[in-house]
Each structure stands twice: as structure tokens, then as C-alpha cells.
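Hi,

Here is the structure I promised to pass on to you.

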Amino acid sequence: MNQELLFSNSRIKNRQLACIECGTVLDVGSFKPLDPIFCPNCKTEMVVPAKLGIYDLYRFLGEGAMGRVYLARDPVLKRDVAVKLLREDLNATPKMWTLLENEAKAAAAITHNNVIHIYTMGKVLGRPYIIMEVADFASLDDILEDEGTIDEALAIQISIDVMKGLRAAYKNELIHGDIKPANILITHKGRAKVADFGLARFLKHGQQVERWGTPYYIAPEKSEQISEDFRSDLYSLGGTLFHAIAGHAPFEGETGEEVISKSLKQTTPQLKKICPDISGEFSELVFKMMQRNPDDRFWSYDQAITCFEKLQEGSYVLGSCKKLKMGKNAKRRKTKSLMQKISSLVMDHD
Ligand SMILES: Nc1ncnc2c1ncn2[C@@H]1O[C@H](COP(=O)(O)OP(=O)(O)O)[C@@H](O)[C@H]1O
Ligand SMILES: [Mg+2]
């Protein structure tokens with residue numbers, strides 16, 4: 001990106017910048033755009049502001065394997081947005097562009113309160129970016145890093161919110177593929193939103209399992225490359241909830257391979273045994289989500305959400321999730337995809 005474009009940010013006057021919290025004036029003459037900068041007075045962490053199109057980027061929000069995300073101001077609509085820029089160290093190859101485009105399209109296909117909305121995407125001086133809704137508190141990963149764990153009530157709310165977001169995605173035949181604490185964003189009101197559809201797959205496009213996210217929460221059938229469906233996301237959410245309550249991932253190891261090998265060989269751990277203070281009911285629901293065989297997990301998001309909602313209102317009966325049977329919707333969806341397979345075979349044959 002070119003310096004002139006970035007330094008044309010209206011927050012910088014004569015290479016001086018006012019702290020966004022306390023107004024202390026800082027000299028940013030020797031800094032590059034988007035360099036981290038700390039206010040010596042109130043210790044607020046900022047970045048040297050930069051301008052991307054109409055947006056004023058002014059605070060670092062987080063980063064992942066693909067992108068760095070900044071808080072930015074939309075001066076026209078007078079609201080904050082989040083801007084994900086492909087990391088500078090990753091060359092913006094056509095493959096990277098396709099990945100980001102895939103992410104933006106996948107998330108943009110969903111309109112739901114528990115999924116981060118995508119506003120637009122583009123390229124600035126060869127570097128792709130996505131403009132999206134901001135989750136104004138932190139990622140679950142940030143919270144776990146600061147606090148170690150969260151309480152059961154928040155974990156239940158997060159479960160319900162994330163599953164509602166994932167259910168909306170699944171209605172578009174989309175599975176997320178990388179549910180983990182860093183991809184669950186929390187708002188100030190304590191509600192969760194699903195972010196980062198970078199590894200998402202549209203089932204109707206018949207995309208194959210080809211890339212993995214982090215090994216800690218990956219479903220066994222996915223690491224073995226056997227199959228993948230919405231229940232793999234349920235497993236990853238179970239692993240995430242386990243981590244959020246226990247303070248560590250369900251299976252740990254020195255290397256990714258070791259973690260995956262444990263998840264394939266060892267029995268599913270029970271939260272209640274590690275954290276005796278949590279309810280047996282919550283432990284049971286997380287245990288069901290994390291069953292090694294996908295058929296032993298919930299059959300639908302509706303079932304799982306109902307169980308967690310009952311738990312939230314205090315009417316969940318211990319043991320009832322073990323008796324769940326496949327619902328009508330799950331059956332219909334299975335039949336439909338079988339029909340699709342048959343008709344594509346017929347067409348291939350022709
Ligand atoms: N819309 C957003 N609002 C607030 N913070 C965000 C937002 N999107 C991402 N972040 C922060 O940036 C981090 C990386 O974003 P993510 O989309 O997961 O990037 P990557 O594709 O590189 O993993 C997240 O873990 C979170 O901390
Ligand atoms: Mg991510």
C-alpha cells in the first residue's frame with residue numbers, strides 16, 4: 001500500500017495524532033501506517049491510522065492465519081466497521097484472493113444476527129480486504145486468554161447463539177469448517193456471532209475436505225478425511241465449549257499430529273470429571289456434541305438448540321439427550337441429498 005494513500009487519514013494532522021481515549025497528542029512521524037502505537041498517558045493500544053477507500057482504520061482488533069483485522073470508521077454512514085486485510089507476509093496470490101472471496105461470498109449468503117455480516121470486499125493496491133460488521137467486545141479466544149475460563153451461563157448462551165448462526169448457514173447448505181474460540185466473537189451484550197468463513201464449504205457445490213483448521217477442535221471424521229457435515233461443526237463447538245469451561249482443549253499434545261491422534265484413540269473426556277462445579281446437564285450436552293461417531297451426536301441443530309434452551313430455562317432433564325431420535329427434518333435432508341446424488345449419477349451416465 002502506498003504511504004501517501006494511507007497517511008491521508010484525517011486523524012493525523014502534521015504527523016501528530018490524538019489518542020482515541022484521552023486525547024494526548026502523539027508524534028507519529030517516524031511510524032508506518034498501521035504500526036502499533038501505545039498512548040504513554042492512558043496506555044491505550046492503537047495503530048497509526050490508515051485510510052482504505054473511505055474507511056479510516058484506527059485500531060487493531062485481532063489476527064488469524066489469513067488476515068489482520070482493524071476497527072475502522074465509515075464516515076458516510078457514521079458507524080464503525082471491521083476491516084480484514086490479507087496479511088502482508090502472505091503474497092496476494094490468485095489462490096489467496098480466491099480464499100478470501102470464498103469467505104466473503106459464504107458469509108454474505110447468510111443474514112442472521114449470530115453471523116457477522118459482510119458489507120463488501122475489494123482490493124487495495126493488490127491487497128484484498130473484507131469490510132464487515134464489528135463485534136464490539138472481543139473474541140472468545142481473547143476472553144479465554146485474559147480470564148482462563150468463562151462461567152456456565154455464558155457458555156450456554158454462546159452455545160445457543162453459535163448454533164443458531166450455524167443453523168442459518170446450514171439452511172444455505174453451508175458448513176463453517178473452523179469453529180474455534182478465535183472465530184466466535186462476543187458483543188458487549190454478551191451475545192455470540194460466528195466469524196471467519198475462510199474454510200467454509202457449500203455442500204451443494206460438492207467441495208471436498210482438503211484443508212484443516214486448528215487441530216484442537218477438529219472432528220475425527222474430518223481429520224480422517226472420511227466425511228464432513230454439519231455435525232463436524234457441532235463437534236468443534238463442543239470442543240470449544242469444553243475449552244471455555246475447563247481452561248484447556250479436550251485433547252492436548254506437543255504437535256498437531258499428537259492432538260489428532262489422541263482425539264482418534266482416547267475416549268471423549270467428560271467435563272464434569274474435570275470441573276466438578278459445573279452442572280451434570282451441561283457436561284452431558286457437551287459430551288454428546290463431542291461423540292466420536294457423528295451418528296451419536298445431535299441429529300439436527302433444532303434438537304441441540306432445544307436442549308440448550310431448556311437447560312438455560314432450568315427445565316432440561318438429565319439423560320434426555322441420550323434418547324433423542326432422528327427428526328423429520330434430518331430425514332428429509334438426507335433423502336434429498338441422496339436424490340441429488342442419484343440424479344447426478346444418471347446425468348453422468350447420459
Ligand atoms: N468482525 C469483527 N469484529 C471484531 N473483531 C474481529 C472481527 N473479525 C475478526 N476479528 C478479530 O480478528 C481475529 C482474526 O479474524 P479472522 O476473520 O478469524 O481471521 P483469519 O481468517 O486470519 O483467521 C479474530 O480472532 C478476532 O479477534
Ligand atoms: Mg480465524
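Below is what I found, from the overall make-up to the ligand shell and a few individual elements.

First, the housekeeping. This is a predicted model, in which local features need pLDDT of at least 70, side-chain atom pairs count only at pLDDT 80 or more, and totals for chains, interfaces and linings use all residues. Residues are numbered from 1 along each chain as its sequence is written, while chains are lettered from A and ligands numbered from 1 in the order in which they are written.

Of its 350 residues, 40% count as buried. For that label, 20 or more other C-beta atoms must lie within 10 Å of the residue's own; 12 or fewer makes a residue exposed, anything in between partly exposed, and C-beta atoms are placed from the backbone. Among contacts with a separation of 6 or more, 56% are between residues 24 or more positions apart. A contact here means that two C-beta atoms, placed from the backbone, lie within 7 Å.

Now to ligand 1. There are 24 residues around it, and Gly62, Gly64, Met66, Ala82 and Asp196 come nearest (a residue is near if its C-beta atom, placed from the backbone, lies within 6 Å of the molecule or strand in question). Two or more shell residues are given by each of strand 7 (55-63), strand 8 (67-74), strand 9 (79-86) and helix 3 (140-147). Strand 7 has the largest share, with three residues. Sorted by class, the shell holds twelve nonpolar, six polar and six charged residues. In this scheme Ala, Val, Leu, Ile, Met, Phe, Trp, Tyr, Cys and Pro are nonpolar, Asp, Glu, Lys and Arg are charged, and the others, Gly among them, are polar.

Strand 9 also leads on to strand 11: the two run antiparallel and are joined by four bridges, with lysine 84 opposite isoleucine 130. (Strands pair if DSSP finds at least two bridges between them.) Strand 11 (residues 127-132) is largely enclosed by the rest of the structure, because five of its six residues are buried. Strand 10 (residues 118-124) is another antiparallel partner of strand 11, over six bridges, and valine 124 stands opposite arginine 127 there. Their hairpin has two residues between the strands, and leucine 125 takes a positive phi near 45°.

There is also an open, antiparallel sheet of three strands in the order 1-2-3. Strand 1 (12-13) and strand 3 (25-27) are at its edges with a single partner strand each, so one side of each lacks a neighbour in the sheet. Two bridges link strand 1 with strand 2 (residues 16-18), and isoleucine 12 faces leucine 17. Aspartate 27, in strand 3, is exposed, with 10 other C-beta atoms within 10 Å. Leaving aside residues up to four places away in sequence, aspartate 27 touches Arg15 and Gln16.

Finally, helix 9 (residues 280-289) is mostly covered, with nine of its ten residues buried. Its cover includes helix 4 (152-171), helix 6 (230-246), helix 8 (271-274) and helix 10 (301-313).

Best wishes
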